[in-house]
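Student: I am new to this structure and would like to understand the terms used to describe it. Could we go through them slowly, setting each value against its definition?

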Amino acid sequence: MIKFENVTKAYPDGTVAVDGLNLEAPTGKLTILVGPSGCGKTTSLRMINRLIEPTSGTIYLDDQPTSGMDAALLRRRIGYVIQHAGLFPHRTIVDNVATMPILLGESRQKARTKALELIERVGLPASFAKRYPWQLSGGQQQRVGVARALASDPAFMLMDEPFSAVDPVVRGQLQDEFLRLQSEIGKTIIMVTHDIDEALKLGDQVAVMRVGGKLAQMASPSELLTSPADEFVADFVGRDRGYRSLGFTKTAGAVAIGEEAVVQLGASAEEARAKATGAWVLVVDGSRKPLGWAQPEQIAGGELKREHLNLSGIAAAASGTMRQLLDAALSSPSRRGVVVNEHGELIGTVTATDVVKAIEAEPHLETAR
Amino acid sequence: MNIEWLGRQFDTIVFLLGWHVLLTVIPLILGLLIALPLGWWAHRSRRIYPLLVGVAGLLYTVPSLALFVLLPLVLGTKILDPLNIVAALTIYTVALLVRVVADALESVPEDTVQAAKAMGYRSWQSLLKVELPVGVPVISAGLRVAAVSNVSLVSVAALLGIPQLGSLFTQGFQLRFFTPIIAGILLCVILAMILDGLIILLNRWLTPWTPKVVAS
Amino acid sequence: MNYLFDPRHWTGADGIPTLIGEHLLYSLIALAIAAVIAVPLGIYIGVTGKGVFLIAGLANALRALPSVGLLILLVLLISPAFPSKMGYILPSLIVLVLLAVPPILTNTYAGVRAVDAAAVDAARGMGFRTMKILTDVQLPCSLPLVLSGVRSALLQIISTATIAAYISLGGLGRLLIDGKAQNDYSQMVAGAVLVALLALFFDQLLAFITRRVVSPGLTRRTIKSASIAEPAKTPVTV
Ligand SMILES: Nc1ncnc2c1ncn2[C@@H]1O[C@H](COP(=O)(O)OP(=O)(O)OP(=O)(O)O)[C@@H](O)[C@H]1O
Ligand SMILES: [Mg+2]
């Protein structure tokens, strides 16, 4: 657990970057600090490992005030990831990752072995181990940054906009992999971002800060969407928050999933026409994994081939959220959204109307503005 | 060129070359050792930087022959003592390298320094294991300049009668004889090139991590 | 110090004022010639990109050449061709010019090159002709570097001119060389102090001029990039 108690930071030039901050990041959870540029997020984060000293107030690490600790020893207990990774240019990737364990007195050999494991764990090939940072792309460096912070197996992690220096596609991948990793390792993490979508996607709880370094609201992502504390938070969370809040509503069997007739590649035009509902028929592979939609008219006498497939639809997991379900329906050319089980095998399809009906039946969503 | 003369003087020339190497290399090493902490100090303090760099600039302005003559006053040595030369060249080397070391440390990316601090390096650990190693290319560039100019500066001491390769120049002048002059110039240039090459190799050995670009 | 304060040494054909005058005369002539050669050449190479190899080669090679050796070699080569005094003045001047050209040349070249490509582009976009870009943009922007090259060159010259006393050139070096010959240490010290003061004075003078003539838009920098306005000195190799 990391706890801020009345923490204030005023810089020598008089700027009050953080003002009376009270906040608790529970053990094993991912807490996100979000807010507009200059609202004091980085300052707050860096006060935890005392790269910046608070002007007043106390920060506790598992109920011990950090002010009494040796700063270097304190930092060795906390993993820290920054925007551009900040890798050591003069060390190989594996030695970068092994830095903390070696600093903590582990043998070089052991530290390297562990580092190699971590490099693979964050999704990099082991062959990268002997490279130097300049030989990696920005996204790859960012992964190394995460691996390096994890290497000493710290109980706490601080991350300052760790995914902001990469393009949206890579960012999405890094976020997904990071969520998977966190579900395995369960660290106490505080992450800073100014991207509200990232905050809502990753956070167990989200702290919204306003300029002047004050906490505006601290809540779970869905609560933030459904009941923002004030005008500022509502504005910051965004206009389509009603739609986005669906991302936090589990389907949990609330939507009726319809049967869908399917064909496989190689089927004749007649068979496809017979199985189709309306103009479209769903195509699956041998193990009932959806491949795409096809229009029997276009097969024109021959047999169903890959080039006939329309790939625009996105499959939703039955265990997923209302938002994914609605998205599946709206993105499908047949307007029937494909629903799959945890192995990716077809369960059936849903229509947008079905999903909306289920949403309207959902009681707490009525409170959403 | 009178090859025969060179053959007869071989022992003398080797002796002069040996002195030249000593008078060049000792100040280079001493100068680097002194410049490292001073440069670090200048890097650490915004107020010290202009002071140290300013004083270094002034020292650099003093012509070498003048410095050779003035140092005995300060050191209490005899005018012919090679120690004066070592001291003078050490001063020049420090004057050149203080700024180089400060700028080298300044050239280390802020992210890197912050990362080291955040991982719990104490400031001396960060300096020794991160900042200095990353600053090596800038420092060796400065060291190359210092080494090459030291070779040339040492030969000025011949005018005061301190033996090294410069003695070949004065000897040639007195005898109106080209051979020793040309031999001296060639040996100076070769020595400078060898020192330069050694520093390049040392730099390469210390920085396997830099992108291999075609350097000028 | 006694030597300096003895009034007898401040008058006459080999008095201190005469020596200072000679030292300055040789130095300024050499500097002027070097600048006339090196500045246009540096601009030409910088603008056209022709002969860049010359720059890198010259700077390195001349730094390694021992100037004492060069001086003596040239005197022995040239002096037989000239009567009396010119026999050592001319070779000395040649060596002084030779040593002063590289710092001015390389700095002028670097200055012209370092001018923000965007600024040159913008000027061209506004319809400036090549000549106008040179005089209105590139030269003013590269002035600090050019002046710093001149500063290094002058130091180099003052320093080498001192040594040239060995081959009987006039100037303050006389006190050092004659003092050595006469075993008169106080005369040598006087010479050393005067040469050092002369060098310091002209170095500071040029620094002052640089600050006055350089556009404040170019000097508004923090320590880190202050090197634009006041680059590290090119080492004087004498
Ligand atoms: N060293 C400093 N001295 C003075 N003021 C500072 C200093 N560092 C930050 N500030 C100011 O403190 C405020 C908070 O800065 P901080 O870096 O914590 O913002 P942030 O929320 O991380 O912003 P961003 O999203 O842009 O990274 C800003 O107004 C900033 O200008
Ligand atoms: Mg920030």
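Student: Why is B:Cys188 called buried?

Tutor: B:Cys188 has a relative accessible area of 0%, and buried means under 20%, with exposed over 50% and partly exposed in between (1.4 Å probe, protein chains only), so B:Cys188 counts as buried. This is a predicted model, in which local features need pLDDT of at least 70 and side-chain atom pairs count only at pLDDT 80 or more, while totals for chains, interfaces and linings use all residues. Residues are numbered from 1 along each chain as its sequence is written, chains are lettered from A and ligands numbered from 1 in the order in which they are written, and side-chain values use heavy atoms, with hydrogens and water left out.

Student: What makes A:Cys39 buried?

Tutor: The relative accessible area of A:Cys39 is 0%, and therefore A:Cys39 is buried as well.

Student: How many disulfides does the structure hold?

Tutor: Over all chains there are 0 disulfides, a disulfide being a pair of cysteine sulfur atoms within 2.5 Å.

Student: What makes the approach of A:Ser37 to ligand 1 a polar contact?

Tutor: A polar side-chain atom of A:Ser37 lies 2.5 Å from an oxygen atom of ligand 1, and a polar contact is a pair of N or O atoms within 3.5 Å (within protein, one must be able to donate a hydrogen and the other to accept it, and residues adjacent in sequence count only if both atoms are side-chain atoms), so this pair qualifies. Polar backbone atoms also take part, that of A:Cys39 at 3.2 Å from an oxygen atom of ligand 1 and that of A:Gly40 at 3.0 Å.
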